[in-house]
Amino acid sequence: MIKKVRPHPTQNEALLFETSSPGKAGYQLPELDVPAVDPAEALGAEHVREEIPDFPEVSEVDVIRHFTRLSTWNYAIDLGLYPLGSCTMKYNPRVNEAVARTEGLMWIHPYQPDALSQGAFAILADLEKALAEITGMDAVTLQPAAGAHGELTGILLVRAALEAQGNARKRVIVPDSAHGTNPASVRMAGYEVVNVASNDRGMLDVDALARMVDEDIAAIMITNPNTLGVFEEHIAEVARILHSKGALVYMDGANMNALAGISRPGDYGVDLMHLNLHKTFSTPHGGGGPGSGPVAVKKPIEPFLPLPRLQHAPSGWSWNYDRPQSMGRVRAFYGNFGVLVRALAYIMAHGGDGLKRATLDALLNANYLRKLLESHYEIAYHAPSMHECVFRHASTGAIAKRLIDYGFHPYTVSFPLIVHGAMMIEPTETESKQELDLFADALISIAQEVEENPEVVLAAPHSTRTTKVDEVAAARKPILKWRG
Ligand SMILES: *Cc1c(COP(=O)(O)O)cnc(C)c1O
């Protein structure tokens with residue numbers, strides 16, 4: 001008989017608070033060689049606390065093992081396919097990391113004098129130029145720190161540009177196939193959201209749109225390809241309709257990995273757009289780390305771009321703060337520099353041809369998966385797929401959990417909202433045919449399980465340390481504070 005032993009933490013990790021033991025510390029400081037200061041005297045007793053309640057006291061090795069073990073519980077793009085639709089969870093080449101960790105770039109400080117930052121200026125200028133070329137736009141700000149931040153910046157730019165003409169207008173049109181952050185950004189910028197429905201091919205209904213556009217409409221905010229993975233075929237016509245009433249076209253370009261090198265939004269009437277560098281241009285994301293959502297604009301909007309702007313003189317690069325029409329700053333300093341370095345490294349490593357090939361691979365992979373799965377799952381819209389495909393199934397949540405048992409991260413569940421039971425799959429361009437085949441086999445096998453053994457699917461996952469959790473309780477009664 002096997003004796004039952006207490007599980008080692010590699011099998012079941014406790015909270016750091018629970019491993020705390022009084023007096024342990026992760027550091028050792030040398031003896032003070034300056035006079036000691038009484039904090040209460042220096043800061044005032046009311047600003048100094050006796051102790052930090054529940055502060056875990058642990059050694060360095062405790063901390064290292066705790067977080068290393070937790071990291072092995074996690075699924076990561078470096079382990080396998082991560083088909084989370086709309087998120088572009090693609091593999092990030094290590095060369096970008098190597099470049100971003102170059103000593104002079106890694107330790108650079110925003111308060112460093114301009115004369116000592118000329119290389120960094122050149123990187124920012126080259127990236128602005130590359131992104132303008134890829135999008136077909138005239139000017140780029142690298143400041144916004146995320147996609148949604150780029151959206152807010154973009155809609156505030158719309159406001160600034162229209163205000164300069166005398167009327168900021170009231171409403172922004174957002175299709176029902178837009179990314180969920182779009183209506184939120186519109187509201188935050190002080191506009192009302194007007195919804196426009198998609199047609200049965202998953203595209204914007206142009207006739208419905210034409211009836212909607214009047215002098216109160218400031219802009220349309222259109223995700224292209226939209227969240228159904230469908231290219232908005234009539235986008236040039238959409239732009240014409242909006243422009244005819246003096247309104248602007250904002251494109252959510254977070255899905256540029258479906259367009260880069262093939263189609264430039266600036267060529268079909270888009271006035272301004274954002275990019276997600278941490279998706280298309282390869283920075284690890286998903287863990288809440290820094291991102292970057294540059295906004296690219298056409299010439300008439302350039303004067304309103306956030307402060308400061310790069311400027312070049314014979315003496316070198318510097319920042320220009322003298323821009324009276326600017327909307328002002330949108331964040332501290334000049335953008336998430338490390339992400340910008342990675343993006344430029346990625347673009348230069350690929351070159352124009354390479355970016356185009358990556359785009360074609362993204363489309364090929366999504367369409368290959370679609371073909372493999374079409375006879376096993378119901379496709380949501382019968383329009384050509386771009387970089388992702390959306391199926392529907394009443395058990396989308398359970399199937400997603402069951403995928404974990406097969407070694408894959410789930411796809412995006414129940415989004416976009418206009419597809420009931422959505423299964424939104426974005427394989428990305430970095431996956432091989434072998435990996436896609438494995439993934440399709442897993443989903444096909446699960447489809448069979450749903451028919452033959454539904455209870456296995458409904459109770460999934462079975463292979464993880466934590467099994468099916470009560471999501472309703474987690475949402476309704478969250479425990480936000482550790483109680484010792
Ligand atoms: C990811 C995404 C966003 C939001 O980007 P964040 O960096 O997460 O703020 C916006 N729109 C689309 C289409 C996206 O895919």
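This is a predicted model: local features need pLDDT of at least 70, side-chain atom pairs count only at pLDDT 80 or more; totals for chains, interfaces and linings use all residues.
Helices (H or I, at least four residues) and strands (E, at least two) are DSSP runs, numbered from the N terminus. Residues are numbered from 1 along each chain as its sequence is written, and side-chain values use heavy atoms, with hydrogens and water left out.

## Pockets

Pockets and cavities are both found on a 1 Å grid over the protein atoms alone. A pocket is an open set of points with protein on both sides within 12 Å along at least five of seven lines. A cavity is a set of points where a 1.4 Å probe fits but cannot get out. Lining residues have an atom within 4 Å of a point. Grid points are joined across faces, edges and corners, and a volume is the space filled by probe spheres set on the points.

The second largest pocket has 22 lining residues, and those nearest its centre are Ile77, Pro284, His285, Gly286 and Gly287. Helix H4 (94-100) and helix H11 (337-373) each supply at least two residues of this lining. In the largest pocket, 25 residues form the lining, with Lys401, Ile404, Pro461, Thr464 and Thr466 the closest to the centre. Helix H12 (residues 396-405) gives the most to the lining of the largest pocket, with 5 residues.

## Cavities

The structure holds 3 cavities of 30 Å³ or more. The lining of the largest cavity includes Leu124, Glu128, Arg309, Trp319 and Tyr334. Helix H6 (118-135), strand E1 (139-141) and strand E8 (309-313) each give at least two residues to the lining of the largest cavity.

Among the residues that line the second largest cavity are Leu228, Arg370, Tyr381, Ser385 and Val390. Domain 2 (94-348) and domain 3 (357-473) each contribute at least three residues to the lining of the second largest cavity. The domain bounds come from an automatic or database domain assignment.

The table sets out volumes and lining classes. Ala, Val, Leu, Ile, Met, Phe, Trp, Tyr, Cys and Pro count as nonpolar, Asp, Glu, Lys and Arg as charged, and the others, Gly among them, as polar.

| Space | Volume | Lining residues by class |
|---|---|---|
| Largest pocket | about 690 Å³ | 12 nonpolar, 9 polar, 4 charged |
| Second largest pocket | about 490 Å³ | 8 nonpolar, 9 polar, 5 charged |
| Largest cavity | about 80 Å³ | 7 nonpolar, 2 polar, 2 charged |
| Second largest cavity | about 60 Å³ | 8 nonpolar, 2 polar, 1 charged |

## Strands E8 and E9

Two strands pair if DSSP finds at least two bridges between them. A hairpin of 2 residues joins E8 to E9. Ala313 has Gly316 in E9 as its bridge partner.

## Salt bridges

A salt bridge is a side-chain nitrogen of Lys or Arg within 4 Å of a carboxyl oxygen of Asp or Glu. The structure holds 24 salt bridges.

One of them joins the side chains of Arg169 and Glu215, at 3.8 Å from N to O. Arg169 lies in the loop between helix H7 (147-164) and strand E2 (171-175), and Glu215 in the loop between helix H9 (206-212) and strand E4 (217-223), so the pair ties together parts that are 46 residues apart in sequence. For accessibility, buried means under 20% relative accessible area, exposed over 50%, and partly exposed in between (1.4 Å probe, protein chains only). Arg169 is buried at 14% relative accessibility, whereas Glu215 is partly exposed at 48%.

Lys299 and Glu302 form another salt bridge, with their closest N and O atoms 3.6 Å apart. Lys299 is exposed at 54% relative accessibility, and Glu302 is partly exposed at 21%.

In the salt bridge between Lys433 and Asp437, the closest N and O atoms are 2.9 Å apart. The two residues are 4 residues apart in helix H13 (residues 433-452), so about one helical turn separates Lys433 and Asp437. Asp437 is partly exposed, with a relative accessible area of 22%.

Salt bridges also form a network that links Lys170, Arg171, Glu192 and Asp216.
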